Amino acid sequence: MKDNPQVPGVVVLLMAGLFLPRVSQCQVAADHQRVPHHSANAQSEAFQRGLSALKENRTDAALVELTAAERGEPDDPRIHNFRGIVLARLGQSTEAAAEYREAVRLDPRMEDAYRNLGFLEWTDHKLELAHEALVRAVELSPTDSFAHYYLGRVQLDRQVYSEAFRELELSDVPWPAEPGFLVQAAAGYVALGRQDEARKRLHQLVTLSLLDAQSVRVASLLLAIHEDEAAIGLVQKLRDRHAAELAPWAQFDLALATLLAGRCAEAAEQAENYINVLHLSGSESTQMIPAWSLAGIAYARFGQGDRAVEALRHAAELAPYQEEHWLNLTRELMELSRYSEAISAVQEGLAANPKSYALHLRLGAANLSAGHYAEAEAAFRRLVEAGDPLLTSYIGLAQVLLRTGRAEEAAAELSAAQHKLGATFLISYFQGLSLERAGKRPQAITALHEAKRLNPSSAEARLELGKTELAIGRVQEAIVELEEALRLSPGNVQAGRLLSQAYQRAGDVQRAAKYADTATEAPPAAEGDVLGDFVLPDWQMPEESKKAEASKP
Amino acid sequence: MNRQRSSLHMSARKQWAIGLAILLMPASGLAPAQESANSQKAKPPLPMVQFIDIGEKAGLTAPTIFGGVDTKKYILETTGSGVAIFDYDNDGWPDIFIVNGTTLEGFPPEKAPTNHLYHNNHDGTFTDVTVQTGLVATGWGQGVCVGDYDNDGWEDLYVTYYGKNRLYHNDHGVFTDVAGKAGVAGSGKAWGTGCAFVDYNRDGHLDLLVANYVDFNLRTVPTPGEGTSCNWKGIPVMCGPRGLQGSKNILYENRGDGTFTDVTTKAHIDRTNGHFAFSVSTLDFDDDGWPDIYVASDSTPSILYHNNHDGTFTDVAVMAGVAFNEDGREQAGMGATVADYNGDGRLDIFKTNFSDDTPTLYRNDGDGVFSDVTYAAGLGSHLQYLGWGTMFLDFDNDGWPDLILANGHVYPEVDKYHLGSSYREPRLLYHNNGNGTFNDISTNAGPGINATSSARGLAVGDLWNDGQLSVVINNVYAPPSLLRNTVRSGNHWIAFKTVGTRSNRDGIGAKISVKNGQRTLVDEVRSGSSYISQNDLRVHFGLGAATKAESVQVRWPSGLVERFDNLPGDTLQTLKEGSGKIVTPNKVLGKGKG
């Protein structure tokens, strides 16, 4: 979503006027040396007339005068700069940009030309060029509020949020109370985890008159900061504003909001309502695809596995060339341990999407879970040999090798992965696991220490390291790691059990007994996010928004 | 589609899901054997063992009937039953007792399957003497253990059931069920599994520990697919044990007058409750002269009852490291066996588990703790088998206990769905390399090992008194297997029958240490063990090249320690308490404090 520039041209003009004395007197003097005196006067007068016309908003006249001035003084950067301003106001962006570029070529320290250029490029949605020019502007003039402001807006558009807010905060320009901008700002705060600031902007937004698409966006952001009721309320109002048959997307969005709020049963019901509305309106079945997907995810999350599979299968069959539906379907089948069906579904998905990396990976995982180790190995190897730039297929391959008693081979494959992809936590962790299984405990400990370094908050790495230390008799070291694992993951029964053993070995019978007492407790239920690894459908938008989005460069 | 959670970008969470939603990863500590160029031309080496199944030929012909054939509606139909090798008629030759089961539908009385006792004819054959010995019995037979509970010189039998357990008093080769009278029949509603006779208070009378599995009620248990614990890899199967109520193990103290008292609470056995207990193995793991008890448990932590010397026990399994595997995870423990596999003088434990898991070898580290050394020992390479009966046995008499496992799945459906396991599974045989590791030699160990069955109970014994250990396996819906090793290694052996005089007559609980050159081989006289089965009570040692046992020390349950020197190899020796050279006199006899 892109705002129109808010700073009126007159301000630019005034700023230009403020900065006029900056133009190198030497340069002007030099220019004057090249032009005969009587011509120089004529050019200067044309320039002044041009400026006056511009001030009076007589852009055509301004252009004539400044063109004449430029003809006489082609090397005067000021003229190029102002001619650029006039051309910009006349909507001749390309020519305006050329003028600004010429100005800065002639005077590389002409800050206002850089600023003007940046502003122009921004309005033309050429964000990279805008960024380049405005960065130069603020370098040259660190106190230029507007340069910072525009740079902030550009960064906001580029979704480089931390820099965007830094620039906007450096600028004194008050933020406009304009929905489009506020939505961007809120999105930025959410992305940066600055929830309080996001909340402030979102609360401001809900009091404004929003376009439908803006309402949807605001709702999604409210959900991101767990203001579920506010989000659902907003989408409900949106839905109620429109007749169901004319804006079925609103019904869908309400279902999606409800799902994201964790009200899965309700979401499933709403998704089914949406499908019914589409049926009644005679919509094409392809329009129901996102709703089937949403219903399936909702059913999955509240434990209605069979209905989830049915709904997700509908989505996949209606849109076989969209891999995400096969991924969702197979994800649920695997969750239900229906591995044979999962394998069949992946194969169906691959038949329609033979180049899908994710489905190839899923094939490997499904075969691994089903105990078809040869097939799993083949699937993962295909990805590895195809030069997978991600580490997941290496990890999958290592898993298969470990399952089939080839720990050393697993360690070797992971070493190759590390060489290719660089050190990552997962590679180091599984290397540690593989080396431990291969009986190479000192090397396993080295790898696990590396994993710990790469991800200090991983309880699993600490647990594995502690276990390995314990196995080689380094009891105190084991206790340290296992205690940390427990601190990072309270209620981790494995850590507790191993600690009981470790303290027993250390002769601390009291602590051993303490951990033994908790060892048989059931671990606390994992608090996963509502949606796990499903691929969510997108928010639906009104048609006019879709067209507006499509028309953006 | 929304890419916020796109699998294409493989969020860390998905990477974890793939990476960590795993079962135990196996590793073989041993690389596959590499053939040298020379060996390609040389004759293949003679196999070190060849087990062949002579069961049918030997006369073990009655199949074990256990629940449904193509599907098991309830967990009751899956556990199978045990086997005992014991000399019921005191002729010096071990006989074979096979526990049998039944079906949900039942049988007309004249056709109901029964347990079977097979008399050893000493010539390689056995005769079914069930009827004449009074051992005809029907029902959901489970496990069996042997002990002369009344010290009359005749081995008695205890058979567990889903229902009332049976204590068969042996009167010169004829048995009578005296369980009710003796007070060990149980409630009639419990599901007894493993058992072991053990003189826990060292008063000279064998007491009895009975493991119980699930609090099972046919009227209320859910049906296949009815709940989350009634599905396996997406297939609706019988429910449990998870989701069902675990049970309580029972300890009976022998009063010395033919009756027993339930001392479960007094002995603190019931402080470990709610486990799905299977096999009972006794061992003095901390070598303090008092028997401890290991109970392998399914889907719940296994139990190690440490004897407190005062009539009570404390479950120290978690602290000792034998409740879970090396990752601290529960396993579905089935059978267990005890031996000093690494020759350090301490008794270690090996346990079989469910499929998609490895068995577990716990090495006794001597300080009250064990280490799970499964992978390091080379025992972690098979995840596809579901293990049941298992025993350490020195099949080549080289002085290092080897391992045999009997396997078989619980779900007949597994064949149809091709999920990495099969219903009938081969046995596994591991050779002990003498350095803390084992080699899987199954494929070269003979047809008796590679044959597939849905096996459960397993017992080991020297059936022909020739130093060659044989194996009897109880198979579901098939006759028992009797595996005889046809390869003679050339190594020597010695076996001991203990006769207690102040201790219990069988000498159960006696620790025998055989000094053999630089090594000392140790084991105990043990009732129970394996999977709800009973092995030959005579303790067998391989001597390797040594032709005699230089010195044999026995620590009796009474406390007396005595020595027998220079016993010839390749013989079965009877060691009578009090007839050796005293090393340490008896401690004060009488019951333990309690």
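A: Strand β36 (residues 511-516) and strand β39 (residues 548-555), both of chain B, pair in the antiparallel sense over 5 bridges, where two strands are said to pair if DSSP finds at least two bridges between them, and where strands are DSSP runs (E, at least two residues) numbered from the N terminus. Within this pair, Ser513(B) stands opposite Gln553(B) of β39(B). Strands of a sheet pair through backbone hydrogen bonds, either parallel or antiparallel.

The two strands belong to an open sheet of 5 strands in chain B, ordered β37-β36-β39-β40-β42, with antiparallel pairing. At the edges stand β37 (519-524) and β42 (581-584) of chain B, each of which has a single partner strand, so one side of each is left without a neighbour in the sheet. From one strand to the next the twist averages 25°, an angle on a scale from 0 to 180 degrees between the N-to-C directions of axes that are lines fitted to C-alpha atoms.

This is a predicted model, in which local features need pLDDT of at least 70, side-chain atom pairs count only at pLDDT 80 or more, and totals for chains, interfaces and linings use all residues. Residues are numbered from 1 along each chain as its sequence is written, and chains are lettered from A in the order in which they are written. Chain B averages a pLDDT (the predictor's confidence in each residue, from 0 to 100) of 90, and 91% of the residues score at least 70. Over residues 588-594 of chain B, however, the pLDDT is below 50.

Technical notes: Side-chain values use heavy atoms; hydrogens and water are left out. Contact means heavy atoms within 4.5 Å. Helices (H or I, at least four residues) and strands (E, at least two) are DSSP runs, numbered from the N terminus.
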